[in-house]
Amino acid sequence: MLRFLVRRTLGAAAVLLLISAFTFFLFFSIPQDPALLACGKNCTADAVALIHRNLGLDDPVPLQYAAFMTGIVTGREFAAGPCPAPCFGYSFANDRPVFETLADRFPTTASLTVGGAVVFLAVGLGAGMIAAARRGTATDKVVSSVSLVLSSMQIYFLGPVVLGVLVYGTGLLPSPSYVPLTEDPAGWFTGLLIPWCVMAVIFTANYTRMARSTLIEQLQEDHVRTARAKGMPGRTVFFRYAWRGSLIPIVTIFGMDLGSLFGGAMITEFTFGLAGLGRLAVDSVIDIDLPMIMGVMLFSSALILLCNIVVDAAYALIDPRVRLDAGSSA
Amino acid sequence: MEGDTTARADLGAAGRGAGRGEPLLRVEGLAKHFPVMAGFPVRRRVGAVRAVDGVDLTVHAGEVFGLVGESGCGKSTTGRMIARLTEPTAGTITYRGLDITRLGRRRLRPVRSEIQMVFQDPYSSLNPRQTVGTIVGGPMEVNGIDPPGGRGRRVRELLETVGLSPDHVNRFPHEFSGGQRQRIGIARALALNPRLIVADEPVSALDVSVQAQVVNLLREVQRDLGVAFVFIAHDLAVVRHFSQRVAVMYLGRIVEVGDRDSVYSRPRHPYTHALLSAVPEPVARDGAGPGPDGEGGGGSVRERIRLAGDVPSPADPPSGCRFRTRCWKARERCAAETPPLVRLEGDAEGHLTACHFPEEPTTAARGGDVVLDPAPTTEPHPGTSP
Amino acid sequence: MNAPAGAAGTPEPFLSVRDLRVRFSTEDGTVHAVDGLSFGLERGRTLGVVGESGSGKSVTALALMGLHDRRTASVTGEVLLDGHELTGAPEKKLERLRGNRVAMVFQDPLTALSPYHTVGRQIAEPFVRHTGASRRQGRLRAVEMLGRVGIPQPARRVDDYPHQFSGGMRQRVVIAMALVCNPSLLIADEPTTALDVTVQAQILDLLGDLRQEFGSAVVLITHDLGVVAGTADDVLVMYAGRAVERGPVREVLRDPQHPYTRGLLDSVPRLSSDPEEPLVPIPGAPPSLLVPHPADGSRAPDGGGPLRGCPFLPRCAFSGRVEGGDRCRTERPVLPAGRGAACHLTERQRRTAFAEEARPRPGRP
């Protein structure tokens, strides 16, 4: 297991390196001087030159890249002040260390994604289970068709509609906002409830359909039949045997969805005006704010890669065949 | 095109020059090792599954060569290598005097049409979207062969040969039963007038009553058309009914080979003895009744041997004689020395056995049953930890 | 010993099946997989149920266990196990019997075991459930059972997962799991078909030994007459969802009465027969058991099965000798109680017919 984790971490580091290099060099291929932006109004040629020097923009691009990457590990000194590791530099746009901004914005996105995932996993898988357990009945048909309708929804359509009805129309819920969980748990919950549900609606349908189909498949497996032949009650058979077997495909899909989950969170942030990483990403691109772009990019990639490692490790927990094979083939 | 003609010329010359003594197919030292990959950052070979590990055999024109063994013994892989569907790791395959082991695609073409394959599963080896006519006529089309009277007529002839109605050309595989599908597979194999058919468990997916139909059909094909067969099966009784010569494989090697009657009635290798004694025969037993104690009595008393455990993993085969871990006669020498496949004293010509301590050549019951304890040294399967 | 199961004089056999019918409704129509099956089985005896694919033998096994999906299968008739009626019994009652009084061994030990749980847990599970033992006791029992089915080092292997065992060892685990509660009826559905011949011999020996040790009645379902020859006391030959012949195993193998049984025995290649002789297959293929829905969209009438007369008629070489015109086509032959065959041929007609056509010419479909 340890070997597996080390291997996957090294792999993730390599991916991050590739992503960073790609983004960095792509940035310098656009014909727009970032110093002009950092300089603001009343900019003189001298000021631009100064900024160029301060930010090291005159150096060859590979050298800048190397400096940037070492900075992440060791920290860097800038004219504006020291930037401790992990240093993604100072934002061109607001002159704050990029990492500070990231750390500010991260809780919003994390709350949004984790909360949304909890909602859609609970609702989606639950509905899927019910449909599978009662396959062929009216319940199954209703669940299946509702999930089909929902799966064709889009956040940017559904979001405003829900807002209009629940917030501005009836005033049942407060307008979506982010309050740190540590400060006001109730406010955190009510503020994010609408975004969670809207996000969940989009993803739920997939999980309902998937849970239903894999469970029905599993219920026909020989070992499930064996469990029934042993006299295990239906509930035990369902959860201990069929459900256990369905976890692998569900976890797989969840792992693949992680990327779109972050993407979905970004769209959701935009739809509901929440200041998270998604907002930050969009703003940084508009501002041609290289350090911020790099920061958001690397930070979110690292998160997704981390989640993927967790998902893969989950396989080993679920399926002893994976666990033991990884042990012996090492 | 040029390569094509030269290859044909090669074959022709070989065929002419061969005369009577040269076998249709000669396989020497054939091996297939499937690599086991593992490691990081670069996955590398950490071992090999020795599916086939040094097989020698010859098949004469018009002869049926039976290859028997339990699952994992390498019989199917051997068959696939002979049909050049799997690349051998080592060894040579000589077909009508021509070394076809490493022959490229183009030069292999004429050989391919002469060596055909029939597969086990009549359900998955036929394309469900093609009509029977397309399936059977396919090989002719691919090879650009226009038989006199046209392909359509040839297809109908072939269907008749295998006992199907020629009117079935436009039907799809799913409209046929398992036995009929296997007939379609045989018709397809016959389309190019092959000299050799590699049949890999062609009847093991079929019910007994239907299996007999297909075995009889194969016998007719062999006798009437003079096609040679490499007949791969795990069922010893079926192999006996169709083969003139038989090889018994165990863990990638041939342990005993010879004429059918010699191998079946005068087996020498302990494994052959065990296999033969394990075949359940639908014979009414007299005596005290069924069960282990009830056997015996009746007309022919067969010996009774119960092997311990299972076949070891081909990824880590035992040293020396591979059967020694399950053999009741194994001694130190068996671990140290690989027994060569040789003719033992008193055996018929061509009857070869790879054993240091061969059994007496009889299948009659011995003084006491050979019943080993159930697997005292079971080795876990590959890829498992403890 | 020779008394056939369920013969007259035995008031109530331990297992009694009467007029069992299993029908599956499909999109195309109704499949009459088992069509009026009756048999009995005494304690401690082994009944071999022999048939080819589609004969309904595995469907029968599942019906005995009450394992058919009630939404798609209709099971009617009577299955009496030691006085308990099983067909139509509430699920709760069946759950108490399954794995406890009645247990099952399946064909493929790899898929029959859950890959996610240790073999120890899977073996202990029914024991804990049915006897109310603690998990600790269950584990001890699992170790004991593993030892009894011949798995070396049971105390260590009890925590292994099924994929860490070889095929033969897995089937031993399945058998241990089936016998953990000392069931009085063991149903083995093709228990050795997925195994190699040398391993098959081991498992059949083991089943024989355990049957004597546990005293269970065994229903052994197989397509292999050879397996039955070495293992069963009595045989029930099934064809097209019906029982066509029954009797003590020796009598059926030596002196088959039904043309199908005879054909089956003739078509088996044997180590002892002349290999130069062609095999004698049964021409043709078994009939379809599907009754299509009537064209007007209404359901097929529930009454009769797909075949009015004898299901073997199209493949039978002897039907011409039956007196009374086309009885084979119109009248369903009845399987008499005890030793006998469901065939319209009289005893004498059969003897002469079988003798005259000692080896019917191999025909083609």
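Two residues are in contact when they have heavy atoms within 4.5 Å. In chain A, of the contacts between residues at least 6 apart in sequence, 67% join residues at least 24 apart. This is a predicted model, in which local features need pLDDT of at least 70 and side-chain atom pairs count only at pLDDT 80 or more, while totals for chains, interfaces and linings use all residues. Residues are numbered from 1 along each chain as its sequence is written, chains are lettered from A in the order in which they are written, and side-chain values use heavy atoms, without hydrogens and water.

Of its 330 residues, 45% are buried (under 20% relative accessible area, with a 1.4 Å probe and protein chains only).

A nonpolar core is a set of buried Ala, Val, Leu, Ile, Met, Phe, Trp, Tyr and Cys residues joined through side-chain atoms within 4.5 Å. The largest one has 67 residues, and Phe229(B) and Phe231(B) touch the most other members. Helix 7 of chain B, residues 208–225, gives the most to this core, with seven residues. Beyond its neighbours within four places in sequence, Phe231(B) has contacts that include Val64(B), Phe65(B), Leu67(B), Leu218(B) and Phe242(B). A second, separate core has 46 residues, among them Ala117(A), Trp243(A), Leu258(A) and Tyr315(A).

Definitions and conventions: Buried means under 20% relative accessible area, exposed over 50%, partly exposed in between (1.4 Å probe, protein chains only). Helices (H or I, at least four residues) and strands (E, at least two) are DSSP runs, numbered from the N terminus.
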